Structure formats: structure tokens, C-alpha cells
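Hi everyone, thanks for having me.

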Amino acid sequence: MTHRPRDKDVLNQPGILAFAPGTWRWPEVYGSPRYHLWTIAKLGWRVLYVEPPNQLRAMTKTWKAKDREFYVLSPGRVAPFGMRMVKSEKMGERWRTLTSRQLVKRAQAAIETIRLKTNIYWFGAPWHESLIRELPFGPRRVCHIYDELAFSPAFSNLQRQLLWDWERQLLRECNLALCSSHPQFQRRQGVPSRITLLENAVSKEFLPENVGEPPEN
């Protein structure tokens, strides 16, 4: 017979408020923060995974995994993160700030609903530097670097520089930075943050498609 924790047991479990770099269904590599968080939830942590919307929508949706305390929050009435890289740097900053404030507001409401005791804030993208400014102090802050977006040839030189600046500022604000490869780890050695190499390997049994994942938005 499977033991179901009592409410007071659940409330005493460590909790993570995680902000996603992309939506749940993006075809990302095993090193993606969502896969590591999925595994951490299997170990007993409670995780609220907040993903940015692809498009404007009115309704907020929350999905919960069947076999662990893992929640995916898709907030409504939040500006899509696609606005973060508009051509005007000043306008881009305004959109990022507005989106971050809305995401934090929806996340805090969800925390109260599911009664999550937050021990860690978890970030996974360079533009989360704007998010960290909107969150209250207290919990430890972890940044997970799992790709080299700031060096992608898909962006202009100015865009790459902006992304790198945002990421460095995020790293400065975090207590710990996790890197998913040796090149990532080496590239960030000069940034004033505790940086740890997290091996890029997750058992396939923990991947959402093998356990159950959120419905289509």
C-alpha cells in the first residue's frame, strides 16, 4: 500500500519555484532544467514550474503530475516572452520587466493555492535577470545554464551581447550556477558566482513523455 503524505508532511517538504526558459513541450536536450527538476521532484521536493505563454490568453492553467509533487503553471494575462528580443533595447527592457512582474504575480498566487513552502528560486534563461529583480528575498537562488544561447549565430552581435550581459547579471545575483557541460563551465569561471558542473545525463525513465506530461495549452 502506497503511503500518501498528510498535509503537514507535504507542507514540510522542501520546495522549488522554477521559471522555465521555454514551454513544457519544447524539444530540448536532456540537460534542460525541466528534466532535472522532474527528477528532483521524484526525490521528494515540491516543484512549481512556471512557463511563459506562447501567446496572450485569459485563463491560467495548472497541471500536476500523478506520481510526484510537480506542478506546471501556464499563466494567463501575461505578455508572451516573445516580446523580450524586440529591436528597440529600451522597449525590450520594458516588455521584459512587465512580463516578469506578471509572471511573479501569478506564481505567488499559485504558491498560496498549492501551499508551497519555497526554499529555492530556480532560473534557466539569460532574461531571467529581469525576473530575479521582482522576487522577494529569502530563498536561495540557483541558475541552470544548459545551452549557449548568447553565442548562437541566429542572433545579431548586439543581441548576443545583450544576452551575455543579462546572463552575467543573473549569475551575479544567484547563490549557485549549474552548468551542463565542460565548455559552459569553463566559459563562466570569471563570473563572481559559485559555479558547479552538473553532468548532462538524466535517466530516460524520468522524462515527462515516459511518465505523463501536461496537456496541450
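I'll start with the overall fold, then move on to the sheet, the aromatic rings and a few charged residues.

First, some ground rules. This is a predicted model, where local features need pLDDT of at least 70 and side-chain atom pairs count only at pLDDT 80 or more, while totals for chains, interfaces and linings use all residues. Residues are numbered from 1 along each chain as its sequence is written, and side-chain values use heavy atoms, with hydrogens and water left out.

Okay, the overall picture. The protein has seven helices and eight strands. Those are DSSP runs numbered from the N terminus: H or I with at least four residues for helices, E with at least two for strands. Of its 217 residues, 50% count as buried. Buried here is under 20% relative accessible area, exposed is over 50%, and partly exposed is in between, using a 1.4 Å probe and protein chains only. As for contacts, meaning heavy atoms within 4.5 Å, residues 24 or more positions apart make up 63% of those with a separation of 6 or more.

Now the sheet. In what order do the eight strands come? They go β3-β4-β2-β1-β5-β6-β7-β8, in an open sheet with mixed pairing. Two strands pair if DSSP finds at least two bridges between them. β3 (61-64) and β8 (195-197) are at the edges with a single partner strand each, so one side of each has no neighbour in the sheet. From one strand to the next, the twist averages 20°. Angles, by the way, run from 0 to 180 degrees between N-to-C directions, and axes are lines fitted to C-alpha atoms, for helices over the stretch in contact.

Look at β1 (residues 15-19) and β5 (residues 118-123): they pair in the parallel sense over four bridges. L17, for instance, has Y121 in β5 as its bridge partner. Helix α5 (residues 157-173) packs on the sheet, where it touches β5, β6 (140-145) and β7 (176-179), and its direction makes about 145° with that of β6. Then there's α3, lying across β1, β2 (46-50), β4 (70-74) and β5, at about 150° to β2.

While we're on α3 (residues 89-114), find K105 in that helix. Is K105 buried or exposed? It counts as exposed, because its relative accessibility is 55%. Its C-alpha atom is 9.2 Å from that of E134, which is 29 residues away along the chain.

On to the rings. The whole structure holds five aromatic pairs. Rings of Phe, Tyr and Trp (its six-membered ring) pair if their centres lie within 6.5 Å; planes under 30 degrees apart are stacked, over 60 edge-to-face, and the rest tilted. F19 and F123 are stacked, at 6.1 Å centre to centre with 10° between the planes. That pair joins β1 to β5 across 104 residues. F19 is buried at 2%, and F123 is buried too, at 0%. W38 and F70 are edge-to-face instead, at 4.9 Å and 70°. W38 sits in helix α2 (residues 33-42) and F70 in β4, 32 residues apart. Ring pairs also link W38, Y49, W63 and F70 into a cluster.

Last stop: charges over rings, meaning NZ of Lys or CZ of Arg within 6 Å of the ring centre and within 35 degrees of the ring normal. K64 has its charged end over the ring of Y71, 5.8 Å from the centre. R187 lies over the face of F151, at 4.0 Å from the ring centre. That's my tour, thanks!
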